[in-house]
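Subject: Handover of a structure, with notes

Dear colleague,

Please find below the structure that I am handing over to you.

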Amino acid sequence: TTKIVTLENGGTIDLSDLINTDNQAISYDAATQTLTLQNGGTVNLSGLGGTDNQAISYDATTKIITLENGGNINLSDLINTDNQAISYDATTQLLSLENGGVVNLSGLIGTDDQAISYDATTKIVTLENGGNIDLTNLTNTDNQTISYNAATHILTLQNGGAVNLSGLIDTDDQAISYNATTKIVTLENGGAIDLSNLTNTDNQELSSTKAGNIINLTILGGNTVAFSVADGDASATNEIQDLTLSSNQLRITNNLAATPINLTPYLDNTDNQNLTATKSGNTITLDIERGTGATVNIASNTPAENQVLTWVGNEWIAANIISAGTTTKTGYYSVDPTAFVGLGKDGDKIFYHAENGANGDFVGADFNDAKIAAPINLAHDVTITNITFYYHDSRTGGSAKDDIYFDVLRKDRRNSTEESIGTANSTGSAGDGSLTISPTSRTLIDNSLYSYRVVASLDKYGADDNNIRHRVYSVV
């Protein structure tokens, strides 16, 4: 109310004359005990030191000066007491306050038109008309090393001073996600980047055109490059060559100056060798030209009467001479599934045969109650000892129609008479199987009077062609 500053132990300052006279900020330096106004003017309170050892503080928010042991000064009434606009007229060089008061600056214009220079060697700043500032004491005055402790997150200067960065660690621990449909990258706590404009930004096509020997290659959205495909020597035939071989010399035909290739070192005469044999007692020595010889001891292998030497494995063995007409040899004859044909009326081929199908090669009927047949072409005068039928029967049941029936027949060439050599049927467990019979009659093949065949009676019974239940694989 009275605008008087009063100390507890005596002494006052009357501030009433300062009201509304100057809108300035006030500050206090606790080290020097000096009270300072923004635009000038200080009060040194150091002389009061010891008379009242208290700390003084200033709250910039409430505008209150407070003493440690009590007592305060409310300066809020002094704030903004001289809220005036200031203006400057560049023509008249006049500085004016809104509520009155003018300062003429024209006398200052051009009064100190000087050049300033700096000598990097001496570190001295110099004015044109005199006066200088020596900056040598400021050079490298803060040459310090800075270090960082990753454990404590503290940044430290060599000569003192530190900044604790721990509060900044993991302050932005967010998950990042990408939506492939919208092409947007999103942060967990907000913020997104739309990448849709970057999708297929280089989706270009190449095209070409040809004019004579010039090809123009163009990229969509880009430039065109032209290049020539012309033959440099304009000859359509000079690259066409042939080879000739004369006296073991290999040459090309269209360049007589080309270097020939001598093939003499590669001639294949490496197996042109002679054999010689010498006998000494029961030892025969065989020598081969440019090779290693071998010896044969014939003492234990000398053939007796009615014997001959026979090479068996890696040695000569004395073996008995077999008289003509007494040799017996076992052979095999196979009927392939592709040899079967249908026995339907009018010569129709009413059979099914799968080649390289899902279930391999086999022959089967294309309908039920069918018969298929294949010829048997054995050599004259051979004897049939065994016949094996290989088949698949996945139809089980007690009726005759559930089985495959095989019959090996011979037919008289002179009439329609046919006779059975042997029969078999597939009674048994379902699936792939085989039957072997040993016929006892009509087993000698006589191609002068008879022809021979095998007949199979079977049904289809399948959902489709690859799953029929009666199949014939072969007859051996």
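Thr-440 is found in the loop that joins strand S39 (431-437) and strand S40 (450-458). Helices (H or I, at least four residues) and strands (E, at least two) are DSSP runs, numbered from the N terminus. The model is a predicted one, in which local features need pLDDT of at least 70 and side-chain atom pairs count only at pLDDT 80 or more, while totals for chains, interfaces and linings use all residues. Residues are numbered from 1 along each chain as its sequence is written, and side-chain values use heavy atoms, with hydrogens and water left out.

Is Thr-440 buried or exposed? Thr-440 has a relative accessible area of 77% and is therefore exposed; buried means under 20% relative accessible area, exposed over 50%, and partly exposed in between (1.4 Å probe, protein chains only). Between the C-alpha atoms of Thr-440 and Asn-386 the separation is 9.7 Å, and these residues are 54 apart along the chain.

**The chain as a whole**

The chain contains 41 strands and zero helices. It has 476 residues, of which 15% count as buried. Contact means heavy atoms within 4.5 Å. Among the contacts between residues at least 6 apart in sequence, 36% join residues at least 24 apart.

**Two open sheets**

Strands of a sheet pair through backbone hydrogen bonds, either parallel or antiparallel. Here, two strands pair if DSSP finds at least two bridges between them.

Strand S4 (residues 34-37) pairs with S5 in the antiparallel sense over three bridges. Leu-35 has Val-43 in S5 as its bridge partner.

Another open sheet has three strands in the order S27-S28-S29, again with antiparallel pairing. Its edge strands, strand S27 (275-280) and strand S29 (294-297), each pair on one side only. The twist from one strand to the next averages 20°. Four bridges hold the antiparallel pairing of strand S28 (residues 283-288) with S29. Opposite Thr-283 stands Asn-297 in S29, and opposite Ile-284 stands Val-296 in S29. The hairpin of S28 and S29 has five residues between the strands, and in this hairpin Arg-290 takes a positive phi near 60°.

**Aromatic rings**

How many aromatic pairs does a search of the whole structure find? The search finds two. Rings of Phe, Tyr and Trp (its six-membered ring) pair if their centres lie within 6.5 Å; planes under 30 degrees apart count as stacked, over 60 as edge-to-face and the rest as tilted.

Phe-389 and Phe-406 make a stacked pair, at 4.5 Å centre to centre and with 20° between the planes. Because Phe-389 is in strand S36 (residues 387-393) and Phe-406 in strand S37 (residues 405-412), this pair ties together parts that are 17 residues apart in sequence. Both Phe-389 and Phe-406 are buried.

The ring centres of Tyr-391 and Phe-406 are 6.2 Å apart and the planes are at 50°, so this pair is tilted. Tyr-391 and Phe-406 are both buried. Together, Phe-389, Tyr-391 and Phe-406 form one aromatic cluster.

**Charges over rings**

A charge sits over a ring if NZ of Lys or CZ of Arg is within 6 Å of the ring centre and within 35 degrees of the ring normal. Arg-410, which belongs to strand S37, lies over the face of Tyr-450 at 3.8 Å from the ring centre. The side chains of Arg-410 and Tyr-450 also make a polar contact (3.4 Å); a polar contact is a pair of N or O atoms within 3.5 Å, where within protein one must be able to donate a hydrogen and the other to accept it, and residues adjacent in sequence count only if both atoms are side-chain atoms. Arg-410 counts as buried because its relative accessibility is 12%. Elsewhere, the charged end of Arg-471 sits over the ring of Phe-362, 4.9 Å from its centre.

Yours sincerely,
A colleague

Technical notes
Axes are lines fitted to C-alpha atoms, for helices over the stretch in contact, and angles run from 0 to 180 degrees between N-to-C directions.
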